[in-house]
Amino acid sequence: MKHYRHKIFTTIIEENINKQILKPGDKLPSARSIKQEYKLSTSTVQSGYDYLVFKGLVTSLPRSGYVVAVQNNAETAADVYPDLPPIPRDPVFQNNISLTSSLQNHSEYTSFNVAVPSDTFVPQKLVLRTMQEVIREKGAALLRYYPANGSAELRELLSRRSAAHGAIIQPEELLITDGAIQALYIALATVTIPGDIIAVESPCVFSILETIANLRLKTIEIPVRYKDGFDTDYLRNVCDKNQIKAIVLTPNFQNPTGILLSDEKKKKVLEIATQHQIPIIENDIYGDLYFNDSRPSTIRNFDTTGLVITYSSFSKTIAPGIRLGWLAAGRYYSEAERIKFSLGRSVTPLNQEVVIKLLSSTSYDRHLRSFRRQLEHQSITLLNQFKKHFPKQAYAHAPLGGYSIWIQLPPLVDMELFYAKCEQFRILFTPVSTFSYTNSYSHHYRMIFSQRITDTSLEAIKKIGNFLKP
Ligand SMILES: Cc1ncc(COP(=O)(O)O)c(C=O)c1O
């Protein structure tokens, strides 16, 4: 990992801001005093301060130096979900919504709606070159069925990658799937029958809610709070009072909130699940897209019970069209394998071999390192534009990874007018009613930052922010 010399002082400033020892508006040491104290060059000190400004932690004031930036405060964001009673619901959306492809085909619009990497972030040359190599090397063998559970070599590589961040996943419990959503479908179909009640994070991305609906499962939505994510007290209460058959969540950089659950909370979810013997189905699709120095853990890292089913895919990190995901089914493997077989015998061999090649070399990790930096830069640019132009009462959570920012608007905003303005300014957001079976999020919207940010997208944020200002 590249070591930045400026970290010697930026880490201390960051920590002091996070611990609120340094408060918004506090003046920071001058570049000259930092230079002397830490024996750094002028350019290193400058790049350190640039980094802190870039992260939105510090503001540069003309002729006054650097001060701690004003942060939005999660505690004061009206973090309440009035329509989220802890009762089982049929998996039916309140509004008649359709998110099929027609809605997304507005190339002339500024798109903050689709959680996919833009073409410029997909490592196209690398993937296409690797495909050609694989075709040359494997030839007609790619035209056969591969094993229903996937290539043994790929499962071995995935197992080793997980071990590198502390999650024990055996190659024998892995199933290679057609993306993450198929993995979720298999996991849910393995541990539930129609009519069962499951607990699911709320808000939650549409594709997960649709999968739950297809399986005819009743749901209790568990709030994901700005402050500390998946609400484990709420979960405990729900599990005490209902026969919950699965807990479905995305602990790392959840979609749509972008929130990262702490290790303590991950352990707490596991503790509640263990007490009630409920399988946890965790989605780790954004886990590799962290902005800090190290990869976050999965709940699987702490599991000694075998209750945790983990799944993921390469849709967000390589390309969605590669259609390659995986499911670590653990003690549920036999049934999961049977269901996988019934959904289509094997994932396209060519794509499995391409991912094998990428994982066996340094290519994937090299791509991730640069992609993470670009994503972080995109998120900070968008957030800064948001802070500059939106009313003070609007709140946005600064993500530490992933693709999305979840925004809460002041209650007085007329949301119908808001969406009409978005249409007028040609900005696309996913309709918020897709993130829950309830109407709880009328004043929220999701901003995806995995599309290339341009002057046009920044102008779009400015226009909509200015429209909202009283
Ligand atoms: C949390 C989450 N899970 C799953 C998916 C879809 O993954 P895949 O294309 O691999 O099925 C998405 C993409 O929108 C997502 O955000």
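This is a predicted model: local features need pLDDT of at least 70, side-chain atom pairs count only at pLDDT 80 or more; totals for chains, interfaces and linings use all residues.
I started with the ligand: helix 6 (residues 179–191) gives the largest share of the shell around the ligand, 3 residues. For bookkeeping, helices (H or I, at least four residues) and strands (E, at least two) are DSSP runs, numbered from the N terminus.

Residues are numbered from 1 along each chain as its sequence is written.

**Ligand shell**

I looked up which residues sit around the ligand. There are 14 residues, and Gly 179, Ala 180, Ile 181, Ser 313 and Ser 315 come nearest. A residue is near a molecule or strand here if its C-beta atom, placed from the backbone, lies within 6 Å of it. I then sorted the shell by class and got 6 nonpolar, 8 polar and no charged residues. The classes put Ala, Val, Leu, Ile, Met, Phe, Trp, Tyr, Cys and Pro as nonpolar, Asp, Glu, Lys and Arg as charged, and the others, Gly among them, as polar.

Next I followed helix 6 to its neighbours. Two packed helices are described by the angle between their axes and the distance between the axes. The axes are lines fitted to C-alpha atoms, for helices over the stretch in contact, and the angles run from 0 to 180 degrees between N-to-C directions.

Helix 6 packs on helix 10 (residues 333–342) with axes 9 Å apart, at an angle of about 125°. So helix 6 is oblique to helix 10; the scheme calls angles under 35 degrees roughly parallel, over 145 roughly antiparallel, 65 to 115 roughly perpendicular and the rest oblique. The crossing of these two is right-handed, a crossing being left-handed if the near helix is turned anticlockwise from the far one by less than a right angle, and right-handed if clockwise. I listed Ile 186, Ala 187, Ala 189 and Thr 190 from helix 6, which meet Glu 335, Ala 336, Ile 339 and Lys 340 in helix 10. Contact means that the C-beta atoms of two residues, placed from the backbone, lie within 7 Å. By class, the helix 6 to helix 10 contact has 5 nonpolar, 1 polar and 2 charged residues.

With helix 7 (206–214), the axes of helix 6 come within 10 Å and cross at roughly 35°. The crossing of helix 6 and helix 7 is right-handed. Ile 181, Leu 184, Tyr 185 and Leu 188 of helix 6 make the contact with Ser 207, Ile 208, Thr 211 and Ile 212 of helix 7.

**Helix 4 on helix 11**

I checked helix 4 (residues 124–138) against helix 11 (residues 349–360): the axes come within 9 Å and cross at roughly 110°. That makes helix 4 roughly perpendicular to helix 11. Helix 4 passes helix 11 in a right-handed crossing. Helix 4 brings Val 127, Thr 130, Met 131, Glu 133, Val 134 and Lys 138, and helix 11 brings Leu 350, Glu 353, Val 354, Lys 357 and Leu 358. The contact of helix 4 with helix 11 holds 6 nonpolar, 1 polar and 4 charged residues.

Ser 202 and Pro 203 are joined by a cis peptide bond, omega about 0°, and Pro 203 is in the loop between strand 5 (197–202) and helix 7. The bond from Asn 255 to Pro 256 is also cis, with omega near 20°; Pro 256 lies between strand 8 (244–249) and helix 9 (263–276). Gln 277 has a positive phi near 55° although not a glycine, and belongs to the loop between helix 9 and strand 9 (280–283).

**Domains**

Last, I noted domain 1 (7–68), domain 2 (101–120 + 366–468) and domain 3 (124–362), with bounds from an automatic or database domain assignment.
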